[in-house]
Amino acid sequence: MRTVATDAETTPYLVDLSAQEIRRRLPEALAIYVDAMGYPQGTEYHRAPMWSEHVLRPGWRGVGAILPTEESPLVAVAYGYRGARHQWWHQQVRDGLLRSGASAEHADFILADYFELTELHVSPSAQGHGLGDALTRRLLSDRPERSVLLSTPEVEGENNRAWRLYRRLGFEDVLRNFTFAGDRRPFAVLARALPFE
Ligand SMILES: CC(C)(COP(=O)(O)OP(=O)(O)OC[C@H]1O[C@@H](n2cnc3c(N)ncnc32)[C@H](O)[C@@H]1OP(=O)(O)O)[C@@H](O)C(=O)NCCC(=O)NCCS
């Protein structure tokens with residue numbers, strides 16, 4: 001007999017991912033990342049050591065979305081951690097702020113007490129149903145930091161789902177058309193005050 005999937009069977013549910021769980025699901029999580037970002041297959045091998053190191057950082061938190069089927073596949077993943085001066089991303093953004101004319105005091109104020117939203121990816125087949133919004137809110141709930149910062153590729157007219165999501169959630173410009181060392185693509189750095197309502 002053919003069974004018809006009900007909403008309860010097809011609607012992903014959100015879970016907190018422990019460091020142990022994301023390590024276990026790393027191939028799945030990286031496959032979502034490669035698919036969602038449209039990166040060439042094989043990119044996941046370069047990213048695996050980086051994601052594995054990130055889980056060890058102070059203040060790391062991860063969330064995911066899982067389909068309620070027998071295989072419980074992951075369909076979305078997001079994580080971040082507490083920003084700190086010795087981190088590469090922090091140093092790049094600080095340099096960018098100084099180069100854009102900000103004073104050292106202003107740069108240090110922006111980077112004083114923040115959560116870096118490092119990765120946020122929803123499988124293409126699961127996009128467009130509010131999962132990105134729900135994951136972001138869960139990841140940022142009850143954080144002790146004063147703000148959340150992220151970087152995202154620049155897109156003509158801010159016309160993609162990531163930009164619409166971040167603007168809808170109240171993220172504002174910190175840096176625009178910024179290039180990180182070793183990557184020619186322009187990025188925006190965005191921030192939002194916490195707590196998240
Ligand atoms: C960016 C990304 C994480 C957003 O996730 P998502 O689940 O697709 O996004 P949202 O939760 O905002 O929902 C997307 C759309 O669904 C709509 N939607 C449908 N049902 C919804 C609901 N119940 N609640 C909220 N939004 C809903 C939203 O209005 C939104 O429309 P819009 O994109 O036209 O503004 C995801 O699209 C993605 O992985 N993109 C590729 C990778 C990427 O760019 N990552 C970020 C890099 S920094």
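Colleague: Which polar backbone atom is 2.9 Å from a nitrogen atom of the ligand?
Modeller: That backbone atom belongs to L120. Please keep in mind that the model is predicted.

Colleague: What lies 2.8 Å from an oxygen atom of the ligand?
Modeller: A backbone N or O atom of G132 lies at that distance.

Colleague: How much of the ligand does the protein bury?
Modeller: The protein buries 72% of the 930 Å² that the ligand exposes when taken alone.

Colleague: And how many residues surround the ligand?
Modeller: There are 20, and L120, V122, G132, D133 and R168 are the closest. By class, this shell consists of 8 nonpolar, 8 polar and 4 charged residues.

Colleague: Which element gives the most to that shell?
Modeller: That is α8, with 6 residues. The elements that each supply at least two residues of the shell include α3 (26–37), β4 (114–122) and α7 (131–140).

Colleague: Which lining residues are closest to the centre of the largest pocket?
Modeller: Of the 46 lining residues, these are M37, T118, E119, H121 and S151.

Colleague: Which element provides the largest share of that lining?
Modeller: The strand β4 does, with 7 residues. Among the other elements that each supply at least two residues of the lining are α4 (43–54) and α5 (88–99).

Colleague: How does the lining divide by class?
Modeller: The lining of the largest pocket has 22 nonpolar, 13 polar and 11 charged residues.

Definitions and conventions: Residues are numbered from 1 along each chain as its sequence is written. This is a predicted model: local features need pLDDT of at least 70, side-chain atom pairs count only at pLDDT 80 or more; totals for chains, interfaces and linings use all residues. Side-chain values use heavy atoms; hydrogens and water are left out. A residue is near a molecule or strand if one of its heavy atoms lies within 4 Å of it. A polar contact is a pair of N or O atoms within 3.5 Å; within protein, one must be able to donate a hydrogen and the other to accept it, and residues adjacent in sequence count only if both atoms are side-chain atoms. Accessible areas come from the Shrake-Rupley method with a 1.4 Å probe; for residues, only the protein chains shown count as cover. Helices (H or I, at least four residues) and strands (E, at least two) are DSSP runs, numbered from the N terminus. Ala, Val, Leu, Ile, Met, Phe, Trp, Tyr, Cys and Pro count as nonpolar, Asp, Glu, Lys and Arg as charged, and the others, Gly among them, as polar. On a 1 Å grid over the protein atoms alone, a cavity is a set of points where a 1.4 Å probe fits but cannot get out, and a pocket is an open set with protein on both sides within 12 Å along at least five of seven lines; lining residues have an atom within 4 Å of a point.
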